[in-house]
Amino acid sequence: MTFDRYLRRKAINLLVSTLAFLCAAITIVPLLMILGHLLSQGAKAVNLDFFTQLPKPVGEVGGGMANAIVGTLILIGLACLVGLPIGIIGGIYLAEFGNNRTGWLVRFMSDVLNGTPSIVIGIFAYTVVVLPMRRFSALAGAFALGIIMIPTVIRATEELIKLVPISVREAGLALGIPLWKVILRIVVPSAKAGIVTGVLLALARIAGETAPLLFTAFGNRFWHQGLGQPIASLPVQIFTYAISPFEDWHRQAWAGALVLIAMILILNILTRIVTRGQYRPMK
Amino acid sequence: MLKGISVEKLLAWFGQKQVLNGISMTIKANIVTAIIGPSGCGKSTLIRCLNRLHETVPGARQSGRVLLDGQDISQMDPVLVRRTIGMVFQKPNPFPSMSIYDNVAAGLRLNGVRKRHRLDEYVEKSLRMGALWEEVADRLDKPGISLSGGQQQRLCIARAIAIEPQVLLMDEPCSALDPVSTGKIEELIQELKKALTIVIVTHNMQQAARVSDYTGFLLMGELIEFDETRKLFTNPRDKRTEDYITGRFG
């Protein structure tokens, strides 16, 4: 190899590395811009009132979104009651017993569900929960969000459990431990950190869902009135305020968006702390 | 007390591929039996039939009988078979989510032993038998996978003997280990055979000669020769055994 060609290769190497770096950098630029804009716009309107006060009637300045913050938390919690058991247990089924037609069908359907526009899932929840109950309710909203969670959780659980080496399963079986205990007590814990990450992704997604809540949870200007009643949520509140003609509401909408992002971030960090020190699956 | 394991006309398949071709042998109790043979000859499959682990692989089948003290294991609950016949694998496979202590206690705990002091007792005893206690006594709460390869394998041995099996199957237990760790495990086998019947698969003939009392030579799914280790290595009856142990093939 001549020295010339060596230099050429070095130059190409530099060029390609730079390109790769640029592409990587570009992916984080939009996120940083959104965060920056949110901070500059939203920080002004975030104050103690925002977290403790109910919305003020139109025309009055001030007030907050305390009810929407609580409402979002309630909706996420209820959605987890629907989405987590079905998603995690379904994922375990797919990973352990899904090597057949049923498994293929469930996997396919779950991917289709994942690609279904959330507003369609909202319509579904409207039809099966809101219409029979004859009113908008927290339950209907949580039902819609729970369904949206399922595909993400199910596939994350399945993939992470499949990463646990077969040798770990065999070691358990060879100890005379029944298969179901091997799965629940050895295999699933080995994949725990990954499953938690999958659940977090699902939570982050539903925390910001607006469309399916518009005609299920609907919204409410008051404190939580019971699960059978309409309930306020941050995304819907942000939407309502953002399209209003009032300057003060616009500011509050920005603040709401900032708080929503912060909530998701805090949720992320908390879960990391809780699952820290638990071992990752062997690759 | 265990009397022995007899294998009668054992055939085994993976899908369409036949890996065992009618194996019959009697494994005597409280001695070490080695199975040698070139890669792919069916050694691992043979011992995996002994604790019914072969049948857990999708597409795997077998026929023939394996008798544990005269009782056909295919008629027994596989869970009970595996409590009587423990296994150590080729690559150390501690449970990744568990500490050293929990790894050893796993078999007992998941089989219903709850009392802490009994678990403590068994864990210490098993780790001592596994010649690992001295090295880990002060860090039982550390992850099992934080140990070195050789230590992990001894942890797996301790885990297997904690449930007090009568037979211990070892599937090339030293093939992933360095010579020092290998030496430790071979010493350990000599200790364990006082209490256990051991079947060890190895492609290392020197190892078979060092640790075993009986040796079986397996080739292409057939048991070519099965005899006292001393006889088999000094005076093989079959030409193929002689070729293999003198290094002419394999």
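Trainee: In which order do the strands of the open six-stranded sheet of chain B lie, and what kind of pairing do they have?

Mentor: Quick housekeeping before we dig in. This is a predicted model, so local features need pLDDT of at least 70 and side-chain atom pairs count only at pLDDT 80 or more, while totals for chains, interfaces and linings use all residues. Residues are numbered from 1 along each chain as its sequence is written, and chains are lettered from A and ligands numbered from 1 in the order in which they are written.

Now your sheet. Its order is β6-β7-β8-β3-β9-β10 in chain B, and the pairing is mixed. Strands here are DSSP runs of E with at least two residues, helices are runs of H or I with at least four, and both are numbered from the N terminus. Two strands pair if DSSP finds at least two bridges between them. At the edges you find β6 (85-88) and β10 (222-228) of chain B; each has a single partner strand, so one side of each has no neighbour in the sheet. From one strand to the next, the twist averages 15 degrees. At the β10 end, β9 (residues 214-219) of chain B runs antiparallel to β10(B), with six bridges joining them. Look for B:Leu218 there, which sits opposite B:Leu223 of β10(B).

Helix α1 (residues 43-50) of chain B lies across β3 (32-36), β6, β7 (167-171), β8 (197-201) and β9 of chain B, at about 150 degrees to β8(B). Helix α6 (residues 149-162) of chain B touches β6 and β7 of chain B, and its direction makes about 170 degrees with that of β6(B). Contact means that the C-beta atoms of two residues, placed from the backbone, lie within 7 Å. Angles run from 0 to 180 degrees between N-to-C directions, using axes that are lines fitted to C-alpha atoms, for helices over the stretch in contact.

Chain B has another open sheet, of four strands in the order β2-β1-β4-β5, with antiparallel pairing. Its edges are β2 (17-28) and β5 (71-72) of chain B, each with a single partner strand, so one side of each is left without a neighbour in the sheet. Strand β1 (residues 4-14) of chain B pairs with β2(B) in the antiparallel sense over nine bridges, and B:Leu20 in β2(B) is the bridge partner of B:Ala12.

Zooming out, chain B holds ten helices and ten strands. Its radius of gyration, 18 Å, agrees with the value near 18 Å for a compact globule of 250 residues. That radius is taken over C-alpha atoms, and the globule rule is 2.2 Å times the number of residues to the power 0.38. Along the principal axes, the C-alpha atoms of chain B fill a box of roughly 55 × 40 × 35 Å.

Chain B has a neighbour as well: 24 of its residues are in contact with 21 residues of chain A. On the chain A side, α7 (166-174) and α8 (179-190) are the elements that give two or more residues, and α7(A) has the largest share, six residues. Chain A itself has twelve helices and zero strands.
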